[in-house]
Amino acid sequence: MANTHLFVGPKGTGRWTEAEELRKERGILNSDILMIRKLTNQTAQDIVNFALFAPVGEEKMCIVRLPSSNTKATQILLKTLEEAPDFITFVLIAKTMPNETIVSRSKVKLFSHLSEEDIAAKVLKKKGIGTVAAQSLAK
């Protein structure tokens with residue numbers, strides 16, 4: 001079975017950015033990446049076709065934003081996940097936890113919004129500014 005990651009959390013928590021960082025870390029070529037921002041029957045078929053051919057580089061990646069409801073496209077994707085070759089990695093992005101079948105076949109990472117204190121601590125560490133200034137930037 002293909003390597004599948006599931007990033008779950010509300011909008012604006014960095015799920016898509018994290019997927020793109022994973023692609024960069026692995027050195028996946030632009031020609032070996034497929035990004036699906038809206039899963040439909042047609043884009044699900046595009047994923048099937050993408051998974052059929054070997055990568056130009058060492059591996060392929062498919063980043064897919066999942067719909068909140070279980071659709072025919074989701075079923076096509078699930079079948080593709082189960083039958084995909086080892087050279088492809090899937091990153092599934094969802095606002096809420098999808099069905100158990102997808103969860104059971106994925107490495108799950110939960111995302112959430114940062115608190116003002118967490119943001120202030122990150123700004124303080126990265127920018128080296130005072131605590132009061134960092135807290136005001138975090139608001």
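The charged end of lysine 60 sits over the ring of phenylalanine 50, 4.2 Å from its centre. Here "over" means NZ of Lys or CZ of Arg within 6 Å of the ring centre and within 35 degrees of the ring normal. Likewise, the charged end of arginine 37 sits over the ring of tryptophan 16, 4.0 Å from its centre. This is a predicted model: local features need pLDDT of at least 70, side-chain atom pairs count only at pLDDT 80 or more, and totals for chains, interfaces and linings use all residues. Residues are numbered from 1 along each chain as its sequence is written, and side-chain values use heavy atoms, without hydrogens or water.

**Confidence**
- The protein averages a pLDDT of 88 (the predictor's confidence in each residue, from 0 to 100).
- A score of at least 70 is reached by 86% of the residues.

**Aromatic pair**
- There is one aromatic pair (ring centres of Phe, Tyr or the six-membered ring of Trp within 6.5 Å; planes under 30 degrees apart are stacked, over 60 edge-to-face, the rest tilted).
- The rings of phenylalanine 7 and phenylalanine 111 have centres 5.3 Å apart and planes at 50°, so the pair is tilted.
- Phenylalanine 7 is buried, at 5% relative accessible area (buried is under 20%, exposed over 50%, partly exposed in between, with a 1.4 Å probe and protein chains only).
- Phenylalanine 111 is also buried, at 12%.

**Nonpolar core**
- The largest nonpolar core has 22 residues (buried Ala, Val, Leu, Ile, Met, Phe, Trp, Tyr and Cys joined through side-chain atoms within 4.5 Å).
- Val64 and Phe90 are among those touching the most other members.
- Another core, of eleven residues, lies apart from it and includes Trp16 and Phe111.
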